[in-house]
Amino acid sequence: MKLFKRAGILMLAGVFALSGCSGGGGESKNQTVNPDQDANFNKTGLPIVKKAVTLKMVSPKAALAPDYSKMEIFKRLEKQTNVKIDWENIPDTDFAEKKNLLLASGDLPDAFYGAGFTDYELINYGKDGTIIPLENLIDQYAPNLKALLDRRPDIKLAITAPDGHIYGLPSWEENKLDTNPFFHVINKNWLDKLGLKVPQTLDEYTQALIAFKTKDPNGNGKADEIPLSFMHMQWCSDIAGIFGAFGIPDNLEHRIVREGKVIFTASQPQYKEALKYIHDNWYKQGLIDPESFTQDAAQYLAKGKTLDETLGSYVWWEVEEVVGPERSKDYALLPPLKGPNGDQMIGRNNGGGPGRGSFVITKENRYPAMTMRWIDQQYDPYMAAQIHWGPLDVVFKKDEKGKMVNLPLPQGVSAGEFRQKVAPGTGNPGVITFDDFGKVVDMEPRAQKRAEYLEKYYTPYMKKENYPSIFFEPDELDKINRIEPELIKYVNTQRGKFIVDGEVDEKWDSYVKTLEKMGLNELMEIYQKGLDRYNANLKNK
């Protein structure tokens with residue numbers, strides 16, 4: 001599982017300025033091979049080429065994943081297609097930066113796989129020729145993907161840039177599981193020992209945290225309990241869900257929609273009240289793990305697996321991945337907590353459609369038709385499922401109806417850890433539609449459980465509106481990219497400072513004025529204009 005979701009339109013500053021003077025655009029050094037004149041190339045069927053051809057691809061990989069050349073799924077693809085991939089795998093935590101450096105330097109692979117290209121990158125690198133348009137290649141050499149786009153015009157619309165070209169290929173698991181990534185977990189074993197009920201209100205939760213800190217619930221005679229730990233402003237591990245108790249839910253973008261109006265949450269009075277409560281009642285009382293603002297995923301996940309049980313409450317969308325399969329029975333999920341004024345709600349994640357920058361072909365690729373045929377294998381839904389979750393006879397077997405069903409996990413291993421080792425994972429090429437679940441592939445057990453938990457604990461407390469995945473006009477993207485990265489960085493830094501240091505009342509007006517100076521109002525106008533245009537287009541379909 002990829003641990004963090006990358007913001008769809010943010011990128012490192014200065015990359016395009018660099019690319020202008022370092023070979024990012026312009027003509028390719030290599031001559032493209034005409035597939036009609038290539039006797040080695042098969043336009044249909046397998047293998048794709050008679051004699052093996054090597055393509056160079058750059059891709060991120062998860063922390064526990066081996067080099068992709070050693071993954072069984074890619075060994076099988078090489079055997080079937082006769083296309084060998086020379087992989088350069090970069091740790092996913094470093095990928096965005098190194099990808100941008102490669103693009104800026106002009107030192108390009110044939111393709112970026114699992115690329116996570118932002119809209120800004122797709123449009124600008126498409127415009128300057130660094131990456132090539134793909135729609136004609138799809139029509140001629142990608143029968144699986146073409147059939148999907150013909151069947152689902154909404155997906156085609158989502159991946160088509162405002163200039164009419166398709167520069168990146170989609171990734172999507174249409175399982176509706178990412179509406180809320182913040183699953184709030186509490187140690188029920190400790191609650192039972194202390195004679196406390198599962199909290200339903202914010203104040204009851206606070207009292208539970210105090211008891212975890214002061215009453216030695218693990219019974220080892222040490223003050224080693226961590227009442228609450230999280231990862232500040234990180235996907236599926238932040239306390240954004242708590243803010244709904246104050247009347248305005250939050251998400252990692254601090255952007256929600258109410259009755260068609262775009263609202264920036266982090267400048268609202270309810271957000272201010274939430275910060276005051278969290279500082280005064282949690283951080284100031286020593287109930288928040290101080291490392292919540294600095295720890296990485298490895299450190300965070302390790303806190304649930306200490307010899308003595310020390311973790312009281314945390315945020316993660318899979319209980320077992322933090323505390324392990326055996327200890328998970330000691331923990332329970334919390335519904336959204338009722339706040340001081342009776343508010344009980346949780347935010348809905350923005351977006352929700354296909355990612356559109358999962359695979360791009362660069363200008364240096366001499367074999368774009370061959371490359372399109374190779375990647376099209378992964379838009380067969382059976383292969384897409386294996387790319388996202390793992391191969392047949394390792395993760396799946398086929399039942400009597402031909403549906404892929406999950407094999408038992410190796411003993412003592414969580415699904416998240418196992419999948420990292422055997423599959424590229426979510427965010428990589430391939431689309432599994434809602435109709436594919438239950439026909440082509442079973443939803444994996446942890447996903448089924450997550451769907452059940454969402455329906456039971458969170459969906460009833462969500463508004464239906466969210467901000468959709470919109471492909472903005474180039475000038476809008478320029479403005480968003482100019483304003484938003486620094487503004488969000490400032491907001492998140494100040495959020496941490498307000499929680500740790502307090503002084504919310506004293507510094508709030510100055511904070512809001514700084515946001516306005518940084519371009520908040522202009523940014524919200526762009527998002528509002530984009531939403532209005534999107535809604536109008538939907539009505540005209």
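Contact here means heavy atoms within 4.5 Å. The model is predicted: local features require pLDDT of at least 70 and side-chain atom pairs count only at pLDDT 80 or more, whereas totals for chains, interfaces and linings use all residues. Residues are numbered from 1 along each chain as its sequence is written, and side-chain values use heavy atoms, with hydrogens and water left out.

His279 belongs to helix α10 (residues 269-283); helices (H or I, at least four residues) and strands (E, at least two) are DSSP runs, numbered from the N terminus. With a relative accessible area of 11%, His279 is buried, a class defined as under 20% relative accessible area, with exposed over 50% and partly exposed in between (1.4 Å probe, protein chains only). When residues up to four places away in sequence are not counted, His279 touches Lys284, Phe498, Ile499, Val500, Asp501 and Gly502.

The domain assignment, from an automatic or database source, divides the chain into domain 1 (40-175 + 353-444) and domain 2 (183-347 + 472-540). Their C-alpha centres are 33 Å apart. Across the boundary, 10 residues of domain 1 are in contact with nine residues of domain 2.

The largest nonpolar core holds 112 residues, of which Phe112, Trp282 and Tyr314 touch the most other members. Helix α17 (residues 474-501) makes the greatest contribution to this core, giving eight residues. Both domain 1 and domain 2 supply at least three residues each to the core. A nonpolar core is a set of buried Ala, Val, Leu, Ile, Met, Phe, Trp, Tyr and Cys residues joined through side-chain atoms within 4.5 Å. Leaving aside neighbours within four places in sequence, Phe112 is in contact with Val58, Phe95, Lys99, Leu102, Leu103, Phe117, Ser358, Phe359, Val360 and Thr362. Another core, of 42 residues, lies apart from the largest one and includes Ile48, Ala111, Phe359 and Ile361.

Six strands form an open sheet with mixed pairing, in the order β2-β1-β3-β10-β4-β13. The edges are taken by β2 (83-91) and β13 (430-432), each of which has a single partner strand, so one side of each is left without a neighbour in the sheet. On average, neighbouring strands of this sheet are turned by 35° against each other, direction ignored; the axes are lines fitted to C-alpha atoms, for helices over the stretch in contact, and angles run from 0 to 180 degrees between N-to-C directions. Strands are taken to pair if DSSP finds at least two bridges between them. Strand β10 (residues 355-361) pairs with β4 in the antiparallel sense over two bridges. Within β10, Phe359 stands opposite Leu169.

Some backbone features lie in loops. Most residues other than glycine have a negative phi, and most peptide bonds are trans. A cis peptide bond, with omega about 5°, joins Leu46 and Pro47, and Pro47 falls in the loop between α1 (15-19) and β1 (53-61). Lys176, although not a glycine, has a positive phi of about 60°. This lysine, Lys176, is in the loop between β4 (169-173) and β5 (184-187) and is exposed, with a relative accessible area of 54%. Met233 likewise is not a glycine and has a positive phi of about 60°. The loop between α9 (202-214) and β6 (255-258) contains Met233, which is buried at a relative accessible area of 11%.
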